[in-house]
Amino acid sequence: MIFLIQITPKLHTPMYLFLSCLSFVDACYLSAIAPKMLLSLLVVKGTISFSAMVQHLYFGVFVTTEGFLLSVMAYDRYVAIANPLLYSVAMSTRKCVGLVIGSWICGTINSLIHTISLGRLSFCKLNVVSHFFCDIPSLLKLLCSDTSMNELLLTFSGLIAMATFLIVIITYVFIVSAILRIRSAAGRQKAFSTCASHLTAVTIFYGTLSFSYIQPSSQYSVEQEKVVSVFYTLVIPMLNPLIYSLRNKEVKDAVKRAVEMKYFPG
């Protein structure tokens, strides 16, 4: 997806800049988690060093960054629909780059706080992580130190996720309001279609996270959490390019042109 956007001048717009950033985050998901998961499936007893564990903890930067990027993409869709004539001015290159950098900074800070906080605590003799990667809830069960601060930080991260989700919801309320003001049925249909892919990605991402973390502790199941983790660390990153390409005429046309240039030049 990133390569396709780079070689297609027609896709050099704010919407596809954010989409390429989202694709990069998804690629980071896969490269951070998939190798270790495949290795753990091949060996009877997998091991992980402390430095590798810290790297897995830093994986949280991608989760938080994706949440902020999805909220930024919702704002981008609102500006495109509500003010189409001023879209290029309102979403200037400088502003778009600033929003992307801001998303990464927020994700990095959130991840660093968790990593540093866990790195200062001591682990018990039991060092078996019942997971295919070092997820924070699984690691907290292995600590001998007081984990109240870490649990508070997890709650804070949950509030960040809820805040980005609320931004998306509020933005879509304004988007629907703007679409309903469009007089032509064809215009309303086109406006709705531009939001369909993003809305699908938002539903899958936040639906999976809420199923994994927003549930009573009495109903918490390690095996269930593993399945959900596989979904949002591996399945969603692979689904996102399909969601945005199969439901997007511009992307499908770009794919067609790229294939024609590759195999049928001239």
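In this predicted model, D76 is placed in helix α4, which covers residues 60-82. The residue is buried, with a relative accessible area of 1%, and beyond its neighbours within four places in sequence it is in contact with P14, M15, F18, Y87 and M91. The side chain of D76 also meets that of R77 in a salt bridge, with a distance of 3.1 Å from N to O. Side chains of opposite charge can pair when their charged atoms come close. Both partners, D76 and R77, are buried, and a search of the whole structure finds one salt bridge.

A further residue of helix α4 is S71, which is buried because its relative accessible area, 7%, falls under the 20% limit. When neighbours within four places in sequence are left aside, S71 is in contact with T164, I167 and V168. With regard to confidence, helix α4 has the highest value in the protein, at a mean of 89, whereas the lowest is found in helix α3 (residues 50-57), at a mean of 62. Over the protein as a whole the mean pLDDT is 79, and 77% of the residues reach 70 or more.

The secondary structure comprises eleven helices and zero strands, so that the order of elements from the N terminus on reads α-α-α-α-α-α-α-α-α-α-α. Of the 266 residues in the protein, 39% are buried. Among contacts with a separation of 6 or more, 74% are accounted for by residues 24 or more positions apart. The protein exposes about 14,900 Å², of which carbon and sulfur atoms supply 69%.

Helix α2, which spans residues 14-42, contains S20, and L30 is likewise placed in α2. At 9% relative accessibility S20 counts as buried, and, not counting residues up to four places away in sequence, it touches I2 and I5. L30, by contrast, is partly exposed, with a relative accessible area of 26%.

In space, I109 is 9.6 Å from T64, C-alpha to C-alpha, although the two are 45 residues apart in sequence.

A search of the whole structure finds zero disulfides. For C21, the closest cysteine sulfur is that of C96, and the sulfur atoms are 9.4 Å apart, which is too far for a bond because a disulfide requires the two sulfur atoms to be within 2.5 Å. C21 is buried, with a relative accessible area of 14%, whereas C106 counts as partly exposed, at 33% relative accessibility.

Key:
Residues numbered from 1 in each chain as written. Predicted model: local features only at pLDDT ≥ 70, side-chain atom pairs only at ≥ 80, totals over all residues. Heavy atoms only, no water. Buried < 20%, exposed > 50% of the residue type's maximum accessible area, 1.4 Å probe, protein only. Helix = DSSP H or I, 4+ residues; strand = E, 2+ residues; numbered from the N terminus. Contact = heavy atoms within 4.5 Å. pLDDT = per-residue confidence, 0-100. Salt bridge = Lys/Arg side-chain N within 4 Å of Asp/Glu carboxyl O. Areas by Shrake-Rupley, 256 points an atom, 1.4 Å probe, with all protein chains shown as cover.
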